[in-house]
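Visitor: I'd like a close look at one part of this model, the place where the ligand sits. Could you walk me through it?

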Amino acid sequence: MDQQSLFNVEPQPWQLDDQDDWLVARIAFSSAPYGPYDYSIPASMETAVKPGVRIEVPLGRGNRKMTGYCIDVIGAFHELASTVNRSRLKPIEKVVDAAPLLTSSLLGLAHWISDHYICPLGQVIETIVPPGVRNQSGTREMLFLSLADGVAEGLETMKLSDLQRNILGTIRSSVQDWTPRELAETVGCTTGPISTLRKKGLIVTTSRRVQQKTHEIPREQRMSDLILNPEQEIALDAITKHIDANTHRTFLMHGITGSGKTEVYIRAIQKIVEFGRQAIVLVPEISLTPQTRQRFRARFDRVAVLHSHLTAAQRAWHWQQIAAGNVQVIVGARSAIFAPTPNLGLIVLDEEHDGSFKQDKAPRYHARDVAHWRASNENVPLILGSATPSLESWHRAGEGTYEKISMKKRVLDLPLPDVATIDMRADFGGRKRFGPISQKLRQEITQSIKDGGQVILLLNRRGFSTRIQCPACGNVETCPDCSIPLTHHVEGNKAVCHYCDHQIPEPRRCTDCNNPSIRFSGLGTQRLAATVEAMFPDVPMMRMDTDTMRKPGSHERALAKFRSGEIKILLGTQMIAKGLDFPNVTLVGVINADTALHLPDFRAAERSFGLVTQVAGRTGRGEKGGRVLVQTFCPENDAIQAATRHDFIGFANTEMPQREEFNYPPFGKLARIVIRSEIDSKAEQMADHIAEEIEKSASELQKEVVVLGPSTAPVEKLRGKYRFHMMLSANHQGDIQAVVKRAQTTIKSIDDVQWIVDIDPQDMM
Ligand code: ADP
Ligand code: ZN
């Protein structure tokens, strides 16, 4: 804690006083050295220093000026007083912020994230407070005018021109703060005479930061409440009980697609808004569609939608509005869990199984776990909703840690769509190869369009061909920086690495043996679109994937066209699988259900099941009903089978025993350590060293933490760096953190090698 113990510095006179009324600020930094370190607070700054404000301090031997976050103010009677070593503390130099950037509750959350995910506190705080708030985006330093002392009283007797008297009189008679320009406009002169009065000392100025421009929160046409069906009523009752009692509870709302979960969220939120409290609704980024916004804005007056296309200034403005209590409902992706609500009443995580709730850079937090900590700390209910819950949440609900709410029927008693598999092995084995769309699927598409319906086709791979291979030597074109095959994109005639975006012109010859008959194979969305176009030349079709949806707003525009019926066939990646509610979709085709089934990841089956079930749920939402065709090379696979029955419980029942056997989550706890370096052998050496230190640390602490590996990562090379990884497995979550933290103190770094710890990893590649 005492940073000076790192560097020998002589004590200063002000460091030797010895009374009980000392105050020390504990400061954390967002870059190394992260601290936290303690600094004394000079008497003149005592009232300005609060936890959550930024402070400028001298750091290290050279007294480099650094800005850090005050995370605690500690005095003689503070519970942390004994942790302060008061000899030789340097004083802080400057308090940067007039008010704390984050509430004490968010600061508490930051402490938990830092501890749980093993990430420096300063770095966590930078994640919580948006950059626009830190650098005051969208605000401007402005000058405000007021009368100098005595001017107001003496105005009548002063020797002044009429204009001057008018200017001063206008300031005197108004409660408003004037800027020079506004005042000049009101009086009807230029700013010249005002400057003259300033020079004479009759007008004084103060400067203040003000919001440059406000961003209106749009409102939608108000919509009245729906009449809840019995299952929705039961769900709402269970939640309302805890809202009324002001107690924390986590609900796992397992409701099939189209069972009306969102309507229940809205009703629960209405309750807490009546009490003057705020709700946070987290959805996957991709679900932040106009449809979602509209649903909330049609029911509440003040809804902030936080999506990734906001500018820093807009984000900062929303943050301030939320902090001021002006917003009732915050709808946003992962990071909206950090919304600075003054009086939180409820948190909802919709599609709680979605992988996008986990951040893939430090702090590697999972919004579901952060939400759980925040909800229990602020004593409010948390609702996790999904048609295909994560097995982690399902397990907790089974144990009774979460309260399970089941919604088994679709609203208005609409039936779930029929799902049939098409065995693509048969298709390939027959006389003729059919390409990406089987005969059966082709017939069904024709029929659906003829009947006035719309079609969704899912293929979870973008690009044209996913494999570029030389038939002569077998060489597969791969990224020079990553061990990843390049994908051929016809748009722009290029081959692209989907990991690092490295691009080369479409190869004409094998880069290894120069053979000209290079072969493009493997199906991506571009090729599928070309096939569909050729097969149904008169049917308007649209492709939706990250390549076609790069521009802000393109997602919205595309969905609007589909909603209006202008587009008949929508094809795309998982982007189209989630949350969309289009009653006229009568057919869903899954082009290849197996794309993710065979990845070396213990969640491969869970993800495949989830994706097929979710996309199947996009149909049968209207009177015309719906039908789903799933093309697969493994129709007998348990996950695919369960998805055809919309049978989450059946899937969980076959999957859970396998997880238990290998002590994978939700049974055991996992952490993943990834080591990377441009030099293969250095990465390997470091991996071995880390594994050794972890094992040593585990045995010293007598904790059962098993090290699996190290081995090369499935993606052996990424962005020019070789990668090794290992898994840490334990029965108790805290054991992993304890063992890693202890090992961190003995692990010796090797030059040019980086390593990261990922607690509860989602990405195994
Ligand atoms: P989920 O989130 O479970 O997939 P939604 O909340 O999106 O389901 O509901 C599906 C559709 O049913 C929406 O169009 C919604 O407006 C409608 N809906 C929900 N509840 C009711 C109800 N009680 N009566 C009539 N329609 C409803
Ligand atoms: Zn690459």
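How do the residues of the shell around ligand 1 divide into nonpolar, polar and charged?

Guide: Quick ground rules: this is a predicted model, where local features need pLDDT of at least 70, side-chain atom pairs count only at pLDDT 80 or more, and totals for chains, interfaces and linings use all residues. Residues are numbered from 1 along each chain as its sequence is written, chains are lettered from A and ligands numbered from 1 in the order written, and side-chain values use heavy atoms, with hydrogens and water left out.

Now the shell: it splits into 6 nonpolar, 7 polar and 5 charged residues (Asp, Glu, Lys and Arg count as charged; Ala, Val, Leu, Ile, Met, Phe, Trp, Tyr, Cys and Pro as nonpolar; the others, Gly among them, as polar). There are 18 residues around ligand 1, and I227, Q232, G258, K261 and D581 come nearest (a heavy atom within 4 Å puts a residue on the list). Helix α9, residues 261-274, gives the largest share of that shell, 3 residues (helices are DSSP runs of H or I, at least four residues, and strands are E runs of at least two, numbered from the N terminus).

Look at the polar contacts next (pairs of N or O atoms within 3.5 Å). Q232 puts a polar side-chain atom 2.8 Å from a nitrogen atom of ligand 1. Taken alone, ligand 1 exposes 560 Å², and the protein buries 79% of that (Shrake-Rupley areas, 1.4 Å probe).

Stepping back, the whole structure holds 34 salt bridges (Lys or Arg side-chain nitrogen within 4 Å of an Asp or Glu carboxyl oxygen). One of them joins the side chains of D115 and K741, at 2.4 Å from N to O. D115 belongs to helix α1 (residues 104-116) and K741 to helix α22 (residues 733-744), so this pair ties together parts 626 residues apart in sequence.

One backbone detail to finish: the peptide bond from G709 to P710 is cis, with omega near 5°, and P710 is in strand β27, residues 705-718.

Key. A polar contact is a pair of N or O atoms within 3.5 Å; within protein, one must be able to donate a hydrogen and the other to accept it, and residues adjacent in sequence count only if both atoms are side-chain atoms.
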